[in-house]
Amino acid sequence: MEDDVDWDVRLKYLLKDIALSAHALAQNSDSSTIEFGNLPQTTPPKISPYGDDWDLLWLGHCGMKLPGAGLVVHSNDPSVPEPQYLHSWDMDERTPLGTFPAHTRVVMRQSTASVCSLAYAISQRGARKLLYGLGLKKLDAPFDVMLRAWCQGSDGYEQHICPGVLPQLFDHHRRRGPKSVDSDISKPNEAYRDKPVTLNIRWSVRMNMEKMLRGETDYDDQYPDTL
């Protein structure tokens, strides 16, 4: 996990749903789209609650595309902002979820065109393969770009099993102040941010920390519903 990420106060419950979805996708060999409320019956996992057949779970990123199949659709997820608030890659690009009903989150069997390694989990078998692939075989591009190739099976790598989620569960938190401090790889920017923001996250942990420490539960919602 990168040190400037943020997540929703409800993360524990969201991860439970992601685990059920990833496990169902691992045991569902066809290419159908599954509704989360109608998951197929599965054999309990033996190694991980996320299933026993994956290499890397890509949970925090700057954006990824939706594959045409192998999806679990979470409808009416109150932690997901309305589509007009969702962004991928940057502030000017809208989410691929724009064609879905509001408050939809999608878990995919195989992440596609992912950018930024903000937060991910890796299995033991995945760690062995990743250390060989990026540690001994080749590392000639930014880490997240190589991780994407490693997952997709491009640029000389075999494909690995990398479930993903959209919108992401972890995203960059941007502090109030000069935008030039956002990243050390960005172009110089003299703009100033008047208030902090975390894209795609409704009940930001960073921005609700004081309320959490006081035991309050009326969390500030960055993206309240308009309908």
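**Note on side-chain contacts and backbone exceptions**

1. Arg10 lies over the face of Trp203, 3.6 Å from the ring centre. A charge counts as over a ring if NZ of Lys or CZ of Arg is within 6 Å of the ring centre and within 35 degrees of the ring normal.

2. On the basis of the values: this is a predicted model, in which local features need pLDDT of at least 70 and side-chain atom pairs count only at pLDDT 80 or more, while totals for chains, interfaces and linings use all residues. Residues are numbered from 1 along each chain as its sequence is written, and side-chain values use heavy atoms, with hydrogens and water left out.

3. Two disulfides are found in a search of the whole structure (a disulfide being a pair of cysteine sulfur atoms within 2.5 Å). Counted along the chain, the bonded cysteines follow the pattern 1-2, 3-4.

4. Cys62 is joined to Cys116, with an S to S distance of 1.9 Å. The link of Cys62 and Cys116 is left-handed, with -95° about the S-S bond. Cys62 is in the loop between S3 and strand S4 (63–65), and Cys116 is in the loop between strand S7 (112–115) and strand S8 (119–122), so this pair links distant parts of the chain, 54 residues apart. Helices (H or I, at least four residues) and strands (E, at least two) are DSSP runs, numbered from the N terminus. Both Cys62 and Cys116 are buried; buried means under 20% relative accessible area, exposed over 50%, and partly exposed in between (1.4 Å probe, protein chains only).

5. The other disulfide joins Cys151 to Cys162, S to S 2.2 Å. The torsion about its S-S bond is about -85°, so the disulfide of Cys151 and Cys162 is left-handed. Cys151 lies in helix H3 (residues 143–152) and Cys162 in the loop between H3 and S9, so the pair ties together parts that are 11 residues apart in sequence. Cys151 is buried at a relative accessible area of 1%, and Cys162 is buried at 0%.

6. The whole-structure search for salt bridges finds 13 (a salt bridge is a side-chain nitrogen of Lys or Arg within 4 Å of a carboxyl oxygen of Asp or Glu). One of them pairs Arg174 with Asp4, the closest N and O atoms being 3.8 Å apart. The pair links distant parts of the chain, with Arg174 in strand S10 and Asp4 in the segment before strand S1 (5–7), 170 residues apart. Arg174 and Asp4 are both buried.

7. Asp55 forms a salt bridge with Arg125, with the closest N and O atoms 2.8 Å apart. Asp55 lies in the loop between strand S2 (33–35) and strand S3 (56–60) and Arg125 in helix H2 (residues 124–137), so the pair ties together parts that are 70 residues apart in sequence. Asp55 is buried at 1% relative accessibility, whereas Arg125 is partly exposed at 25%.

8. Arg202 and Asp225 meet in a salt bridge of 3.2 Å, N to O. Arg202 lies in the loop between strand S13 (197–198) and H4, and Asp225 in the segment after H4, so the pair ties together parts that are 23 residues apart in sequence. Arg202 is buried, with a relative accessible area of 6%, and Asp225 is partly exposed at 40%. Elsewhere, salt bridges that share partners join Asp53, Asp55, Arg125 and Lys129 into one network.

9. Five aromatic pairs are found in the whole structure. Rings of Phe, Tyr and Trp (its six-membered ring) pair if their centres lie within 6.5 Å; planes under 30 degrees apart count as stacked, over 60 as edge-to-face and the rest as tilted. Tyr50 and Trp54 have ring centres 6.5 Å apart and planes at 75°, so the pair is edge-to-face. Tyr50 is buried at 18%, and Trp54 is buried at 8%.

10. Tyr85 and Tyr223 form a tilted aromatic pair, 5.3 Å centre to centre with 35° between the planes. Tyr85 lies in the loop between strand S5 (71–74) and strand S6 (105–108) and Tyr223 in the segment after helix H4 (209–213), so the pair ties together parts that are 138 residues apart in sequence. Tyr85 is partly exposed at 23%; Tyr223 is buried at 9%.

11. Backbone points to check: the peptide bond from Leu166 to Pro167 is cis, with omega near -5°, and Pro167 is in the loop between strand S9 (164–166) and strand S10 (170–174). Asn76 is not a glycine but has a positive phi of about 55°; Asn76 is in the loop between S5 and S6 and is exposed at 63% relative accessibility. His103, also not a glycine, has a positive phi of about 65°. His103 lies in the loop between S5 and S6 and is buried at 16%.
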